[in-house]
Amino acid sequence: MAEPDKRQLGDGSDNYGEAAKQIARAAKEARNESAKQAAAATTVQASVEGGKAAAELAAGTAAAGPWGAILSAAWALRHTLFKILVCICLLFLIIIVLIVSLPSVVTNSIFGLNGSAASAENPTTLLESYNDLAADISAVIEEGYNAALSKVEQIIRDGEYDYDLSMDVLVNYAQSSAGYDVSYILAAYSASLQQRGTSKENMLEKLQSVADSMFPVTSIEREVERSSTDGSSPETETVKYVECTIHPFDNSVIIHAFGIDASATYDQFQVTYGEAIQKMANALKMTLYGTLGNGQMVPLTDAELLAFVNAQNCSPMRKHILTTALSLVGKVPYFWGGKSAPGWNDAWNTPRLVTAAGSSTTGTIRPYGLDCSGFTTWVFNTAVDVEIGAGCNGQYPNTYAVSASELLPGDLGFLADEGGWGHVLIFAGYSQDGTRMWVHSSGGIGVILNTPSYEGDLSYRRLSIVDYDAPVASVSSEENTSMSGE
């Protein structure tokens with residue numbers, strides 16, 4: 001797979017002054033644009049908060065497409081009165097399309113349709129409404145995750161298994177990748193009521209009813225021989241424990257929570273409910289972000305992830321690092337200057353201002369995620385609790401060169417630019433046809449598993465501060481054996 005965007009590689013440092021300049025410039029451009037196109041007049045607020053691209057999408061005034069063609073035709077009319085009348089009609093039509101396309105649970109508070117009074121002086125923006133709903137949804141998802149942990153402890157208690165051994169081998173995919181999509185949840189709920197009578201309280205109540213099913217838990221009984229002493233002579237005892245797995249978020253529970261038949265026809269769009277929900281979710285992302293970057297990549301399923309990892313001929317520790325890296329594929333977008341602490345970050349995929357200088361996205365609002373070195377830092381912090389350095393240029397000195405034939409999963413690849421090293425990737429291993437594969441946070445997309453077009457230009461390196469042969473504490477002896485290829 002070719003690298004789709006090489007223009008936005010690397011990472012940046014926070015520079016609020018530069019970000020402020022970019023915001024002012026974006027606002028000025030948006031004002032100029034709205035002066036040209038009357039239909040954009042009601043969405044200057046969106047342009048200030050979300051950048052020019054998002055504002056144009058929200059208003060339906062992108063340069064190309066049917067709206068552009070209609071506006072051009074209107075402006076070609078001879079009389080100014082005709083122009084004004086056409087634009088007024090278009091304005092109302094655009095607002096109608098906007099309301100129908102976006103999840104009503106998001107727009108109700110903006111237009112005062114949820115029973116609250118809409119303030120003319122301080123109107124609720126789309127971003128504010130989305131952030132409010134996203135925070136409440138995240139809280140319910142957290143309840144679901146805690147319920148999964150409680151299930152694990154209940155399984156241990158009911159089976160009278162050794163607690164410490166059982167918790168040591170717990171496989172927790174939910175901890176590193178929750179895998180839920182707020183925009184999809186909002187769209188599914190609104191579609192379930194056909195955009196009528198939606199409310200935040202009702203949505204959260206329905207989500208809470210399926211919280212126990214959000215993160216499936218499976219278990220396998222194990223036993224191990226362990227030496228013990230009774231004070232006189234050593235003895236061997238059989239100790240039973242249980243290997244539990246907390247799986248990533250199960251998106252099918254959303255359809256169940258809202259009582260949706262995904263294959264049924266959605267009357268308003270004359271498509272299936274499944275298609276309508278996706279269209280509404282995409283419309284919300286395009287309006288907020290001006291891009292579908294955070295929703296285009298399909299996450300790897302558990303089966304695909306484990307199959308790829310187990311096919312690699314390397315140590316259990318390297319497979320553990322690789323599993324951690326692959327857990328974010330398709331789930332975390334690219335964000336210039338994006339860094340994060342170990343473990344899943346609930347702020348990922350939520351709108352945030354880009355403050356790092358040096359990118360075309362600086363000063364705009366984008367779905368929060370990781371840049372390239374932010375991703376590699378997160379992987380090694382999460383997997384092995386090792387800080388490998390800040391930025392591409394900070395990580396490179398902690399590595400040494402290896403040849404292409406020596407590459408193993410967990411090694412790094414660096415791509416040079418004019419100022420040093422502009423991009424860093426993690427070697428993932430080989431595909432079935434022997435192609436070298438890399439996992440990295442790619443500019444304009446997010447965390448992706450592919451073979452970039454510049455693969456031959458990479459400098460292959462290995463971290464000198466990571467013990468790739470160390471035992472993996474959270475993996476049982478049986479899993480160690482199966483993952484080592486023996």
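How much accessible surface does the protein have, and what share of it belongs to carbon and sulfur atoms? The accessible surface comes to about 22,300 Å², and 53% of it belongs to carbon and sulfur atoms. Accessible areas here come from the Shrake-Rupley method with a 1.4 Å probe; for residues, only the protein chains shown count as cover.

1. Basis of the note. This is a predicted model, in which local features need pLDDT of at least 70 and side-chain atom pairs count only at pLDDT 80 or more, while totals for chains, interfaces and linings use all residues. Residues are numbered from 1 along each chain as its sequence is written, and side-chain values use heavy atoms, with hydrogens and water left out.

2. Overall make-up. The protein has 18 helices and 13 strands. Helices (H or I, at least four residues) and strands (E, at least two) are DSSP runs, numbered from the N terminus. Of the 486 residues, 49% count as buried. Buried means under 20% relative accessible area, exposed means over 50%, and partly exposed lies in between (1.4 Å probe, protein chains only). Among contacts between residues at least 6 apart in sequence, 67% join residues at least 24 apart. A contact means heavy atoms within 4.5 Å.

3. Helices α7 and α10. Two packed helices are described by the angle between their axes and the distance between the axes. Helix α7 (residues 126–158) packs against helix α10 (residues 182–192) at an angle of about 95°, with the axes 10 Å apart. Axes are lines fitted to C-alpha atoms, for helices over the stretch in contact, and angles run from 0 to 180 degrees between N-to-C directions. The two helices α7 and α10 are therefore roughly perpendicular. (Angles under 35 degrees count as roughly parallel, over 145 as roughly antiparallel, 65 to 115 as roughly perpendicular and the rest as oblique.) On the α7 side, Tyr130, Leu133, Ala134 and Ile137 take part; they meet Val182, Ser183, Ile185 and Leu186 of α10.

4. Helices α10 and α11. The axes of α10 and α11 cross at roughly 105° and come within 11 Å, so α10 and α11 are also roughly perpendicular to each other. Ile185, Leu186 and Tyr189 of α10 make this contact with Asn202, Met203, Lys206 and Leu207 of α11. In the loop between α10 and α11 is Gln195, which has a positive phi of about 70° although it is not a glycine. Most residues other than glycine have a negative phi. Gln195 is buried, at a relative accessible area of 14%.

5. Which residues of helix α11 (residues 200–208) are buried? Met203, Leu204 and Leu207 are. They cover an arc of only 95° around the axis, which puts them on the same side of α11. (The arc is that of the directions from the helix axis to the C-beta atoms.) Glu201 and Glu205, on the other side of α11, are exposed. An α-helix has 3.6 residues a turn, so residues three or four places apart point the same way.

6. Pro216. This residue is in the loop between α11 and β2 (217–229). Pro216 is partly exposed, with a relative accessible area of 28%. Pro216 and Gly144 are 72 residues apart in sequence, yet 9.7 Å apart in space, C-alpha to C-alpha. Leaving aside neighbours within four places in sequence, Pro216 is in contact with Thr245, Ile246, His247, Pro248 and Asp250.

7. Helix α15. Why is helix α15 (residues 316–326) described as largely enclosed by the rest of the structure? It is because 10 of its 11 residues are buried. Among them are Met317, Arg318, Lys319 and His320.

8. The loop between α16 and α17. Ala390 is in the loop between α16 (372–384) and α17 (391–395). Ala390 is exposed, with a relative accessible area of 67%. Ala390 and Ser373 are 17 residues apart in sequence and 7.3 Å apart in space, C-alpha to C-alpha. Asp385 is found in the loop between α16 and α17; Asp385 has a positive phi of about 55° although it is not a glycine, and counts as exposed at 65% relative accessibility.

9. Cysteines. The structure holds 0 disulfides, a disulfide being a pair of cysteine sulfur atoms within 2.5 Å. For Cys372, the closest cysteine sulfur is in Cys392 at 3.6 Å, too far for a bond. Cys372 is buried, with a relative accessible area of 0%. Cys314 is buried with a relative accessible area of 8%.
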